[in-house]
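Below are my notes on the model, as numbered points.

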Amino acid sequence: MSAPGSNDTEPWPLWEVFVRSSRGLSHLHAGSLHAPDAEMAVRNARDLYTRRNEGVSVWVVRSSDITASDPDAKGAFFESPRGKEYRHASYYTESEGVKHL
Amino acid sequence: MSDQSFRISAGEALTAEKITEAGEKPSEAVATYAVRLGDDALILAQRLGWWIARAPELEEDVALGNIALDQLGHARSFLSYAALAWGKTEDDLAYFRDEPEFTNLQIVEQPNGDFAATIARQFIVSYYQFELYRRLVDSTNATLAAIAAKAVKEVDYHRDHATQWVLRLALGTEESRRRMIAGLGVMWPYVDEMFRDDDLVESLGDAAVLPSSLREDFDAVTGAVLAEAELEVPEGFVARGGGREGIHTEFFGPLIAEMQVLARAHPEATW
C-alpha cells in the first residue's frame, strides 16, 4: 500500500473495530472506520464508538488482514446439523447418581 | 477496583445547568476571570465547528467535532458561572456581548486556514489549556476547580490528537511537512500573549493561575514534540496581543457575527 495522500486515489485504509464493553466480557465487533494507521484508528474508534460509555478497551485490525469464510460455500461450510442431535448435550440421558444437571 | 469506578456517570458530571442551579455568585473579579477562560473555549469551539463536513475524512470530521463540543461544554460552564455575578445567563454572555467585551486570547480566533494550520492552533491551545487546567484544579475557588477537573481530562485528549497530527504531517510527505511548518509559522506569533500576567490574575491569588507560570512547562512539552517531529520552534515576530482587554484581530468580527446572528434575530427563541 502506498502512503495515504501520496496520490489522489489512495484513501485511508479500512479498519475493523472491536470494543469490550465491560471487564470480563469479550471484545465485540462494533463497526469499521478509516484511518491512516493503527494509532489513529484506535483514536478514531474512541471518537466513533466509545463516546457514550460503551467501552473499557478497543481493538482495531486492518480489514484486509481478516480472513473470512466464503459466503458461496455456505452449504458445505455451515451444513445443517439436523440429524446430528448428538452434537447437543440434550441428546444424552442423565446418568444415574449425577446431581445438579 | 470495580468496573463501575471506570465509568463517568453522565448524571454526576458537572454541567452548566448544575452551576446555574447552585447559584453560587462569584465575585466580580472571579467572574471576569471565568469569562476569559470561557471565551477562549467558546471562540475555539466556534472555529472548530467550521470543519464539520469539511475535514479530510469523515473520521476527522467527527474528531474535530467532538473536540469542538468539549470546548463548548467548558465554555458553557465558565460562562454560566460568571453570568451569576451579573444576574445574567450564559446565552446573554455568548450572544449579546459585542467584540470589545470578549476577552479571549487572540490565537483562538485565528482563521482555520488549511488542516495543518488548524492542527498548529490546536497543538498550541490544547497544551496551554492542559497546563492551565491542571493547575486550576487546585484553585481556592471550588467551582473553578471543579470545572477544571472535568476539562483537564478532555483537553488531555485534545493534546494527544494534535500531537499525533503534528508528527504525521511533519514527518509525512514533503507537502504535508511544508504545510505543517507554514501553519506553525502563522500561529506561533500569538503564543506570547497566552503567558502575560495582568492586575486581574495577580489580584485573584490562589483562585486563579498566573499565565506566566505555565510558560516553562509549555515550552518543555511542546518543544519535545516539535523535536520528535524534526521541527524548529518558530521564531520571529510577536503579535501585540490584547485579547484579554477586548482587542481583537480583524478575523474576530465576522466570527461572532456568524455565531450570534440567529440568537439576535430571534431573541429568546428555543428549539
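1. The contact (heavy atoms within 4.5 Å) draws 19 residues from chain A and 16 residues from chain B. This is a predicted model, in which local features need pLDDT of at least 70 and side-chain atom pairs count only at pLDDT 80 or more, while totals for chains, interfaces and linings use all residues. Residues are numbered from 1 along each chain as its sequence is written, chains are lettered from A in the order in which they are written, and side-chain values use heavy atoms, with hydrogens and water left out.

2. About 1,800 Å² is buried between chain A and chain B, with 50% given by carbon and sulfur atoms; buried area is the accessible area (1.4 Å probe) that two parts lose on being put together, summed over both. On the chain A side, A:Trp12, A:Met40 and A:Arg43 lose the most area to chain B, together 29% of what that side buries.

3. Three salt bridges are counted between chain A and chain B, each a side-chain nitrogen of Lys or Arg within 4 Å of a carboxyl oxygen of Asp or Glu. One salt bridge joins the side chains of B:Arg168 and A:Asp37 (2.6 Å, N to O).

4. The largest nonpolar core has 91 residues. Such a core is a set of buried (under 20% relative accessible area, 1.4 Å probe, protein chains only) Ala, Val, Leu, Ile, Met, Phe, Trp, Tyr and Cys residues joined through side-chain atoms within 4.5 Å. Among those with the most contacts inside this core are B:Tyr33 and B:Phe218.

5. Leaving aside neighbours within four places in sequence, B:Tyr33 is in contact with residues including B:Leu132, B:Leu136 and B:Val209.

How values were computed
Buried < 20%, exposed > 50% of the residue type's maximum accessible area, 1.4 Å probe, protein only.
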